[in-house]
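Could you walk me through this protein in plain terms? I would like to start with its overall form and then look at a few residues inside.

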Amino acid sequence: ISRVPATLDEARELLRSEAPLEIDPKDERYAFHEAKSHYAEVEQKWVLVRSEEMEAKMKKTFERQLQKQLLEGQKALVHLKNKEFACEADALTYAAEWEKKYSLLHLTAVHAETKRRRAAGQRGRPKKDEVPVEVYFIRAEVEVNAEAVAVEEKRLGRFVLATNDVTLSAHEILSIYKEQMHVERGFRFLKNKSFLVSETYLKKPQRIEALAFLMVLCLMIYSLLECKLREGLEKNGKTIPNSLGKATNRP
């Protein structure tokens with residue numbers, strides 16, 4: 001079971017689809033949509049998951065990103081309006097390319113404005129027979145692209161899980177995937193430099209295996225103690241400070 005990268009075309013299409021989501025009867029915070037896939041010529045079950053908690057967190061982040069991009073776009077538009085172009089076509093083409101840099105914004109009332117000036121580097125009053133140079137400037141306003149925002153908001157709180165065990169239910173797939181976090185945390189614990197595992201000078205395979213076994217055994221005991229501590233805190237309604245000094249009953 002693994003999480004499908006959102007950069008894959010098939011995953012991106014599923015994330016933005018109108019697929020109906022069914023609420024998990026065992027946990028109403030989640031909703032699922034199951035789909036079949038033959039990615040990499042392997043029969044798989046893909047599950048589109050929507051998490052209410054993740055959606056709320058991502059929405060706040062998205063709103064900050066939107067405001068940041070709008071401010072950046074407004075500042076960049078000022079520089080864009082001061083840029084000279086030789087013809088109207090060049091000006092409009094550049095405006096279209098500029099717009100691609102800001103996925104959540106778009107330009108409105110886009111047009112090219114013509115101005116006449118002396119040749120480059122010349123100042124003062126033009127001579128009697130001097131022909132002025134005609135240049136073009138972009139004139140436009142920037143605003144939020146409501147359609148693009150709606151598409152991105154649809155992806156908030158969503159992710160895709162994949163498995164080649166097509167017999168598993170969506171709830172089982174999500175439960176197993178969430179358990180992987182504890183395994184990864186255990187490996188990160190073992191790899192911590194405080195344990196100097198990378199600095200042991202063992203050469204015999206048997207001794208390396210013995211060391212690995214002892215480290216995993218220690219990690220198992222550590223996890224059991226963590227579990228007992230959590231159960232005790234919850235049972236007695238107490239908390240202890242975490243690494244940040246905040247009270248928690250799940251250290």
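The protein has a radius of gyration of 29 Å, whereas a compact globule of 251 residues would have one near 18 Å. Here the radius is taken over C-alpha atoms, and the globule rule is 2.2 Å times the number of residues to the power 0.38. Along the principal axes, the C-alpha atoms fill a box of roughly 95 × 50 × 45 Å.

A word on the model: it is predicted, local features need pLDDT of at least 70, side-chain atom pairs count only at pLDDT 80 or more, and totals for chains, interfaces and linings use all residues. Residues are numbered from 1 along each chain as its sequence is written, and side-chain values use heavy atoms, leaving out hydrogens and water.

The protein holds six helices and nine strands. These are DSSP runs numbered from the N terminus: helices are H or I with at least four residues, strands are E with at least two. Of the 251 residues, 27% count as buried; buried means under 20% relative accessible area, exposed over 50%, and partly exposed in between, with a 1.4 Å probe and protein chains only.

Now to the inside. A nonpolar core is a set of buried Ala, Val, Leu, Ile, Met, Phe, Trp, Tyr and Cys residues joined through side-chain atoms within 4.5 Å. The largest one has 16 residues, and L77, L80, W98, L107 and I138 touch the most other members. At least two residues of this core come from each of α2 (52-81), α3 (88-100), β5 (105-117) and β6 (133-144). A second, separate core has ten residues, including V49, F159, L168 and L174.

| Residue | Element | Relative accessibility |
|---|---|---|
| V47 | strand β4 (residues 44-51) | 1% |
| R230 | helix α6 (residues 205-236) | 14% |

What does V47 contact, leaving aside its neighbours within four places in sequence? The partners of V47 are F32, H33, E34, F159, V160, L161, A170 and I173, where contact means heavy atoms within 4.5 Å. By the C-alpha atoms, V47 is 37 Å from I240, which is 193 residues apart from V47 along the chain. R230, again not counting residues up to four places away in sequence, touches R185, N249, R250 and P251.

Finally, back to the whole chain: among contacts between residues at least 6 apart in sequence, 61% join residues at least 24 apart.
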